[in-house]
Amino acid sequence: MSVMIDDRVTSGKTRLVGRDVIHRWEGNPIITLEDIPFSCNTVFNAAAVKCQGHYILLIRVEDKRGRSIFALARSEDGYRFVVNPDPCMVPSTEEPFATYEACGIEDPRITETDGTYYVMYTAYSRYGPRLALAKTDDFQTYERIALISEPVNKDGALFPRKINGRYVRFDRPNVGSTGNIWVSYSDDLINWGGSEVVMSTRTDHWDRSRIGASAPPIETEQGWLEIYHGVKEAAAGPIYRLGVVMLDLENPAHVLGRAAIPILTPREYYERVGDIGNVVFSCGAIYEEQTRQVKMYYGAADTCICVGTAKLDALIERCFEEEDAL
Ligand code: BMA
């Protein structure tokens with residue numbers, strides 16, 4: 001089906017384009033370089049959490065020398081954010097973290113479990129990217145727990161509850177230039193094992209080159225709803241899109257339904273043009289129980305932060321849509 005410009009509809013302050021399920025907020029982008037009170041190069045992928053009614057983003061900021069650090073942004077409505085005057089987490093100067101964070105800390109995902117906020121992030125160094133874990137009570141100070149994978153591994157996201165008594169995470173070990181979504185288990189959040197592949201790239205789809213978990217999974221009655229990113233290497237460079245999948249609640253390596261088409265594709269100027277064009281990349285989504293709405297935060301073109309919304313039911317429906325009906 002070809003998408004005509006007439007398919008573009010507006011609804012309130014959000015905009016739906018083509019067959020995207022995500023409605024972009026009309027005030028996008030919500031955070032740009034101009035909103036950062038300290039000197040830096042760019043701002044993008046952000047972890048998201050709602051704490052006592054306040055919206056918190058842990059944003060990835062690239063400093064002027066090109067290393068990524070984290071800063072805190074707060075909002076009362078989930079759309080208008082104020083960024084704190086100073087970074088809240090920078091590469092460690094203490095071992096063993098210092099060695100593996102020398103080139104920066106990237107792409108945080110926040111998960112609340114048992115009343116503690118955990119941040120899984122990518123520690124970057126000359127040895128390649130590997131996963132690390134920290135925790136926080138106030139989002140201002142972060143206590144590092146451990147380096148929790150070997151390189152090359154990215155896109156770690158902790159599940160919001162244990163399954164069969166064990167902590168669970170997604171991760172994405174790389175195999176050459178490709179990579180798939182895996183799940184691993186732990187008793188103590190430090191030692192991880194029992195790893196299994198959850199799902200792989202699809203050679204005949206938009207997610208043919210690499211995939212990785214985006215936001216931490218959302219628990220629904222049907223299963224774990226996971227928003228993930230998929231990459232297609234095109235002649236002019238990679239295109240990053242977002243998709244959705246439903247996984248079994250007791251065995252998240254078991255896929256119940258995977259959407260054939262993306263929930264968000266780079267289309268707007270701010271998604272097309274930037275440090276890395278044609279990128280929409282999410283590290284966090286907030287589920288609002290009262291309205292059954294998901295607010296998904298995403299980095300656009302590695303140059304700003306945006307928000308889009310979708311009804312939870314629309315995302316669930318997309319997971320089970322018959323491919324032949326598209
Ligand atoms: C991925 C990650 C993201 C980034 C994306 C697009 O590999 O490093 O942080 O947004 O590439 O450049």
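User: What share of the chain's contacts with a separation of 6 or more comes from residues 24 or more positions apart?
Analyst: Those residues account for 49%, with contact meaning heavy atoms within 4.5 Å. This is a predicted model, where local features need pLDDT of at least 70, side-chain atom pairs count only at pLDDT 80 or more, and totals for chains, interfaces and linings use all residues. Residues are numbered from 1 along each chain as its sequence is written, and side-chain values use heavy atoms, leaving out hydrogens and water.

User: How much of the chain is buried?
Analyst: Buried residues are 58% of the 326; buried means under 20% relative accessible area, with a 1.4 Å probe and protein chains only.

User: Which residues touch the most other members of the largest nonpolar core?
Analyst: Leu 225, Leu 242, Ile 263, Met 296 and Tyr 298, out of 26 residues in that core. A nonpolar core here is a set of buried Ala, Val, Leu, Ile, Met, Phe, Trp, Tyr and Cys residues joined through side-chain atoms within 4.5 Å.

User: And which elements give two or more residues to this core?
Analyst: β19 (224–234), β20 (237–247), β22 (280–288), β23 (293–300), β24 (304–311) and α3 (312–320). Helices (H or I, at least four residues) and strands (E, at least two) are DSSP runs, numbered from the N terminus.

User: What does Leu 225 touch, leaving out residues up to four places away in sequence?
Analyst: Its partners include Val 244, Val 245 and Met 246, along with Leu 312, Leu 315, Ile 316 and Cys 319.

User: What is in the second core?
Analyst: That separate core has 23 residues, among them Trp 25, Ala 48, Ile 286 and Ile 305.

Note on methods:
Buried < 20%, exposed > 50% of the residue type's maximum accessible area, 1.4 Å probe, protein only.
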